[in-house]
Amino acid sequence: QVQLVESGGGLVQAGGSLRLSCAASGRTFVTSTRAWFRQAPGKEREFVARINWYSGITSYADSAKGRFTISRDNAKNTMYLEISSLTPDDTAVYYCAAGRIGVNGYDYWGQGTQVTVSS
C-alpha cells in the first residue's frame, strides 16, 4: 500500500501564496506519477497538475498554468504544489494522488487539505 498525507492548507487572503505538501510512504516504488487535484464546494474534483516521479516531467491543467507549480523532493518522498496570486476561486480541498507504474489513473489518494481564500 501507499500512504499519502497532505499538509499546508489553511486560510489565506486573496493575492497571497501557499505551498502544499504531499508526503508519501509505504510501497511508493510501485508508483510513477503523482498529481494534485482539487474539489471546490458544489463542484466535481478536477485535475490540477501531475509530475512523473522519475523524470520530473510535469503537466498542468490549462486553468493552472502560470500560477501553480508542482515539484518534488525525491529524498523526502514529498511532492509540492505552490500556488501564487490566490483568489477566492482557488478555495477547495486539495488532494494528492499517486498512480501505479503502467496503470492509467490514480489508485492512491490522500485525505485532502482545505485551502480557503478570503477576499
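Residues are numbered from 1 along each chain as its sequence is written, and side-chain values use heavy atoms, with hydrogens and water left out. Because the model is predicted, local features need pLDDT of at least 70 and side-chain atom pairs count only at pLDDT 80 or more, while totals for chains, interfaces and linings use all residues.

**Aromatic residues**

Four aromatic pairs are found in a search of the whole structure. Rings of Phe, Tyr and Trp (for Trp, its six-membered ring) pair if their centres lie within 6.5 Å; planes under 30 degrees apart count as stacked, over 60 as edge-to-face and the rest as tilted. F37 and Y106 are edge-to-face, because their ring planes stand at 80° with the centres 5.4 Å apart. This pair links distant parts of the chain, 69 residues apart: F37 belongs to strand β4 (residues 31–39), and Y106 to the loop between β9 (92–100) and β10 (108–109). Strands here are DSSP runs (E, at least two residues), numbered from the N terminus. Y106 also pairs with W109, where centres 6.3 Å apart and planes at 70° again give an edge-to-face arrangement. F37, F47, Y106 and W109 make up one aromatic cluster.

Buried means under 20% relative accessible area, exposed over 50%, and partly exposed in between (1.4 Å probe, protein chains only).

Two arginines sit over tryptophan rings: R45 has its charged end 4.5 Å from the ring centre of W109, and R34 lies over the face of W53, 3.7 Å from the ring centre. For this, CZ of Arg (or NZ of Lys) must be within 6 Å of the ring centre and within 35 degrees of the ring normal.

**Nonpolar core**

A nonpolar core is a set of buried Ala, Val, Leu, Ile, Met, Phe, Trp, Tyr and Cys residues joined through side-chain atoms within 4.5 Å. The largest one has 29 residues, of which L4, L20, W36, M79, L81 and Y94 touch the most other members. Elements giving two or more residues to this core include β1 (2–7), β3 (18–26), β5 (46–52) and β11 (113–118).

**Salt bridges**

Five salt bridges are found in the whole structure, each a side-chain nitrogen of Lys or Arg within 4 Å of a carboxyl oxygen of Asp or Glu.

R38 lies in strand β4 and D90 in the loop between β8 and β9, so their bridge ties together parts 52 residues apart in sequence. R38 is buried at 10% relative accessible area, and D90 is buried at 1%. K65 and D62 are both exposed. R100 is partly exposed at 35%, as is D107 at 35%. Shared partners join R38, E46, R67 and D90 into one salt-bridge network.

**Surface patch**

F29, Y54 and I101 make a nonpolar surface patch of about 360 Å². Such a patch consists of residues with over 30% relative accessible area and no salt bridge, with nonpolar side chains (Val, Leu, Ile, Met, Phe, Trp, Tyr) joined within 5 Å; accessible areas come from the Shrake-Rupley method with a 1.4 Å probe. F29 is in the loop between β3 and β4 and is exposed, with a relative accessible area of 53%.

Methods:
Helices (H or I, at least four residues) and strands (E, at least two) are DSSP runs, numbered from the N terminus. Patches are made of residues with over 30% relative accessible area and no salt bridge: like charges are joined within 9 Å, nonpolar side chains (Val, Leu, Ile, Met, Phe, Trp, Tyr) within 5 Å.
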